[in-house]
Amino acid sequence: MTGWQTLLYKEVLRFWKVSFQTVAAPVLTAVLYLMIFGHVLEDHVKVYDQVSYTAFLVPGLVMMSVLQNAFANSSSSLIQSKIMGNLVFLLLTPLSHWSWFVAYVGSSIARGLAVGTGVFVVTAWFAHLSFVAPLWILVFAILGAAMLGALGLIAGLWAEKFDQLAAFQNFIIMPMTFLSGVFYSIHSLPAFWQQLSHFNPFFYMIDGFRYGFFGQSDVSPWMSLAVVATALLTVSAVALHMLRTGYKIRN
Amino acid sequence: MFLAQGHCAALALKSRVPMPAISFQSVSKTYPSARGGGAQPLKALDDVSFDIEEGEFFGLLGPNGAGKTTLISILAGLSRASSGRVLVRGCDVQADYAQARRQLGVVPQELVFDPFFNVREALRIQSGYFGVKNNQAWIDELLESLGLADKADANMRQLSGGMKRRVLVAQALVHKPPVIVLDEPTAGVDVELRQTLWQFVAQLNREGHTVLLTTHYLEEAEALCGRIAMLKKGRMVALAATSDLLKAASSNVLRFKLGNDQLPPHLQARARVTGRIVQFPAHDAAEIEHYLAEVRQAGLKVEDVEIRKADLEDVFLDVMGAESEVQA
């Protein structure tokens with residue numbers, strides 16, 4: 001294996017060795033969301049014709065799990081290595097900033113997809129799902145996980161303590177995922193909040209992902225693709241710059 | 001043992017100019033403000049320059065806070081110099097970082113480890129970062145040489161401090177670097193491991209590896225290092241062959257044990273006192289007689305009187321200014 005492949009392998013091994021915590025636990029959380037919200041809202045909310053609320057909810061929960069876990073993977077790995085001091089093993093190697101980026105983002109995609117698949121397999125039993133455009137499903141899952149993986153890299157490099165990282169997660173990532181249309185269509189929102197949702201890239205990830213299942217969405221999947229790709233490029237550029245300059249890791 | 005041949009080193013061979021293993025060139029490092037939070041910028045390194053030649057066993061000494069670890073961090077790419085540059089076998093540690101790091105094996109000072117992996121996994125992963133393939137035989141040899149063979153499948157968390165230290169050494173050597181840097185490798189390590197470690201490192205040195213060592217144990221530096229640099233408050237205050245440093249020092253030391261008495265203040269100022277042991281640097285017999293006379297005059301009861309040759313610790317204290325820097 002080459003250098004970046006080794007780092008990718010190590011990062012995947014890291015979460016896989018504790019998969020009960022990193023994969024099984026988030027799957028359980030998503031199933032609980034589905035059971036509770038599905039039970040309470042099934043007969044009250046109808047987003048698209050011919051799509052039950054529970055069926056509508058499943059892709060949203062899958063994508064939310066993909067995004068949150070992709071973020072958690074790179075950010076927690078980095079902050080743990082920084083606090084434990086073992087990041088030094090990596091800092092001493094000839095690996096370039098591109099190698100770091102590809103490995104950390106790649107492993108985040110792997111964890112995001114592993115959790116997403118787990119959530120899908122379990123929740124799919126609860127609803128009747130269709131797969132109108134599977135390629136869109138895959139594209140949005142991978143791009144979304146990549147963007148959150150890169151965002152996790154930024155947060156992990158920036159944070160010096162666990163509570164700083166928790167703040168990033170609780171005050172930025174959580175609200176942006178919850179307010180992105182996981183549980184509702186933004187068309188059901190008041191005009192102001194609908195407008196605001198259009199500035200949230202997470203909305204486009206979930207909307208595009210859901211399009212792959214039902215062939216229906218709030219905005220065109222091409223529009224979502226453009227927004228998500230732009231967001232991914234922007235976040236990646238920032239993460240790469242931080243890695244290249246050794247922001248907070250090569251003082 | 002195989003010595004990696006990097007791109008910059010290959011260039012150096014072509015040019016037929018002897019190339020130092022490590023070259024520090026006017027290295028300075030200033031932190032914006034003191035780490036304690038004061039407003040004054042802290043000058044951790046001030047224009048440090050010296051070369052370490054291929055195959056040397058080199059000691060870098062200095063009291064805590066002298067800048068040793070900062071210098072090594074800059075060498076290893078863990079930190080950046082504010083000015084000046086560092087070359088490893090001709091490769092700039094910033095501009096040519098990949099080549100420079102391939103030639104360096106660094107044993108960090110802190111006892112760090114990755115709790116997710118066992119010893120063998122940690123070594124295989126570290127090896128992979130450097131792109132070294134099929135490294136199993138060398139990993140086995142390292143495990144054997146460092147007494148880790150029976151711990152190969154143990155998780156890092158289960159190892160004692162000394163064992164973790166051995167793994168750090170193995171990790172630093174896993175890519176067969178020609179230049180080895182050991183930053184305080186024996187701090188808090190038991191006698192047996194120190195012996196194993198030094199035998200192993202001395203063997204690597206005999207096989208052609210360059211070794212840069214920082215240590216608080218001056219008898220180790222004296223026994224192992226052919227040449228020594230001393231840092232004090234970020235400046236280099238001595239650079240010489242160990243034997244020359246010892247020759248240049250005050251040649252003898254008068255040493256005795258004191259009963260329950262206190263040394264009078266005017267003698268205290270010139271002595272090195274460790275518990276009941278008192279030591280005076282002395283150049284000749286007259287000076288020794290003078291000290292003994294003063295001790296007798298003060299009515300002190302002494303035992304175990306001996307005169308010994310000055311060692312590196314005496315030199316170190318001389319250079320650092322004996323009164324303030326008792327701790328090496």
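User: How many helices and strands does chain B have?

Analyst: This is a predicted model, where local features need pLDDT of at least 70, side-chain atom pairs count only at pLDDT 80 or more, and totals for chains, interfaces and linings use all residues. Residues are numbered from 1 along each chain as its sequence is written, while chains are lettered from A and ligands numbered from 1 in the order in which they are written. Helices (H or I, at least four residues) and strands (E, at least two) are DSSP runs, numbered from the N terminus. Chain B has twelve helices and 14 strands.

User: What separates the centres of the two domains of chain B?

Analyst: Domain bounds come from an automatic or database domain assignment. Domain 1 covers 7–246 and domain 2 covers 250–309. Taken over C-alpha atoms, their centres are separated by 39 Å.

User: What percentage of the residues of chain B count as buried?

Analyst: A residue is buried if 20 or more other C-beta atoms, placed from the backbone, lie within 10 Å of its own; 12 or fewer make it exposed, and in between it is partly exposed. Chain B has 328 residues. The buried share is 40%.

User: Which element of chain A gives the most to the side that touches chain B?

Analyst: Two residues are in contact if their C-beta atoms, placed from the backbone, lie within 7 Å. Here 22 residues of chain A are in contact with 23 of chain B. On the chain A side, α1 (3–17) and α4 (88–91) each give two or more residues. The top contributor, with six residues, is α1(A).
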